[in-house]
Amino acid sequence: MSRIFNFSAGPSTLPEAVLLKAQEELLDFNGSGMSVMEISHRGKAFMSVADALRSDLIELLNIPDNYKVLFLQGGATGQFSLIPQNILNGKSKACYVNTGAWSKKALKEAQQYCEVMVSANSESSNFTTIPDYAEWNVDEQAAYLHYTDNETIHGVEFQDIPEFGDIPLVCDMSSNILSRAIDVSKFGIIYAGSQKNMGPAGVTIVIVRDDLIGHADKRIPSVFDYEQQLKNDSMLNTPATFNWYLVGLVLKWMKQEGGIVAMEQRNQVKAGKLYQAIEASSLYSNPVDKKYRSRMNVPFVLANAELDKTFLELAEKKGLSALKGHRSVGGMRASIYNAMPEAGVDALIDFMQEFERTHG
Ligand SMILES: *Cc1c(COP(=O)(O)O)cnc(C)c1O
């Protein structure tokens with residue numbers, strides 16, 4: 001058996017050590033004679049999985065005491081509509097920043113619940129930049145200000161945290177959570193699906209400041225009401241136990257590897273190398289404003305799009321998988337999350353250079 005390098009945007013590559021650990025204890029979890037999938041979520045064995053999951057996340061992200069961590073279902077997409085339903089709290093307006101495909105989906109969903117004020121918009125540049133904060137139009141009386149920290153499809157990433165007075169900042173960190181240190185205290189809500197940087201699909205993490213809890217629209221399903229889930233330790237209904245367990249293993253792996261600091265350093269090195277190789281080439285290019293290039297998702301196009309098919313076929317043969325760009329952008333995209341080793345990026349760069357020599 002040989003593992004290849006998987007550049008998929010999500011679900012995405014997992015640390016090999018995590019897969020091996022899951023395999024090792026699959027049939028007999030902790031001497032129970034059962035797999036972790038088969039045991040009660042209320043039992044002692046699973047409770048320790050749940051407790052470690054919560055405390056490891058709090059430790060890794062340095063989450064302050066006045067924030068609560070919820071593990072929900074429905075994905076980040078579910079949160080697009082659950083956030084307004086939980087925190088509008090009688091207000092009729094929310095501000096959204098439109099910097100790519102995911103921001104746009106989030107604001108479209110919110111429009112069903114409130115007036116959406118688009119505070120900044122980079123669509124006219126085909127989502128290749130982030131408008132300067134000085135140009136943002138934020139109504140500080142609105143219920144919250146939403147933005148997408150890393151645009152997974154367009155490869156655009158914020159480099160710092162926008163600050164606009166006391167308006168709660170709500171941030172979709174699905175594709176870059178745990179990839180660098182962040183100051184959680186600047187946010188009202190941070191949310192993320194698990195399948196990019198934290199594990200397999202199936203767990204939605206919502207980190208929410210406690211004053212924003214308890215104001216949900218009464219018609220909201222109780223499993224999506226932050227307050228009710230908080231009171232029940234995210235177990236108002238049966239959680240996705242196996243997925244919680246796997247996310248827990250990924251967090252343990254991150255801690256063993258040196259935590260957020262190590263992840264951030266590695267990610268800088270990996271992305272730095274790949275962008276440098278693209279810059280040095282006359283075949284490949286990346287359209288994104290240099291200031292806002294994503295360290296997680298690196299889109300690039302070939303000067304001659306007729307070469308795309310051959311590029312992908314030959315890459316696949318070299319064990320470099322899932323490099324095809326999103327259909328809305330075209331070209332290629334290499335997703336290089338925490339679990340992508342530097343050796344994978346090196347192999348990709350070697351292949352790109354060889355391809356340029358032979359086909360460029
Ligand atoms: C993948 C992704 C989503 C959607 O996540 P689901 O878990 O499929 O709902 C939302 N936002 C961003 C930034 C993403 O990368």
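Grid points are joined across faces, edges and corners, and a volume is the space filled by probe spheres set on the points.

This is a predicted model, so local features need pLDDT of at least 70 and side-chain atom pairs pLDDT 80 or more, while totals for chains, interfaces and linings use all residues. Residues are numbered from 1 along each chain as its sequence is written, and side-chain values use heavy atoms, without hydrogens and water.

Cavities first. I looked for those of 30 Å³ or more and got one.

Ligand next. I find it in the largest pocket (an open set with protein on both sides within 12 Å along at least five of seven lines; sitting there takes more than half of the ligand's atoms within 2 Å of its grid points). I list 13 residues around the ligand, counting a heavy atom within 4 Å as near. Helix 3, residues 75-87, gives the largest share of that shell, four residues (helices are DSSP runs of H or I, at least four residues, numbered from the N terminus).

Polar contacts (N or O pairs within 3.5 Å): the T77 side chain is 2.5 Å from a ligand oxygen, D172 reaches a ligand nitrogen at 2.6 Å, and K196 has a polar side-chain atom 2.7 Å from a ligand oxygen. I also noted that the protein buries 87% of the 390 Å² the ligand exposes alone (Shrake-Rupley, 1.4 Å probe).

Key: 1 Å grid on protein atoms, 1.4 Å probe; cavity = no way out; pocket = protein on both sides within 12 Å on 5 of 7 lines; lining within 4 Å. Polar contact = N/O pair within 3.5 Å; in protein donor to acceptor, adjacent residues only side chain to side chain. Helix = DSSP H or I, 4+ residues; strand = E, 2+ residues; numbered from the N terminus.
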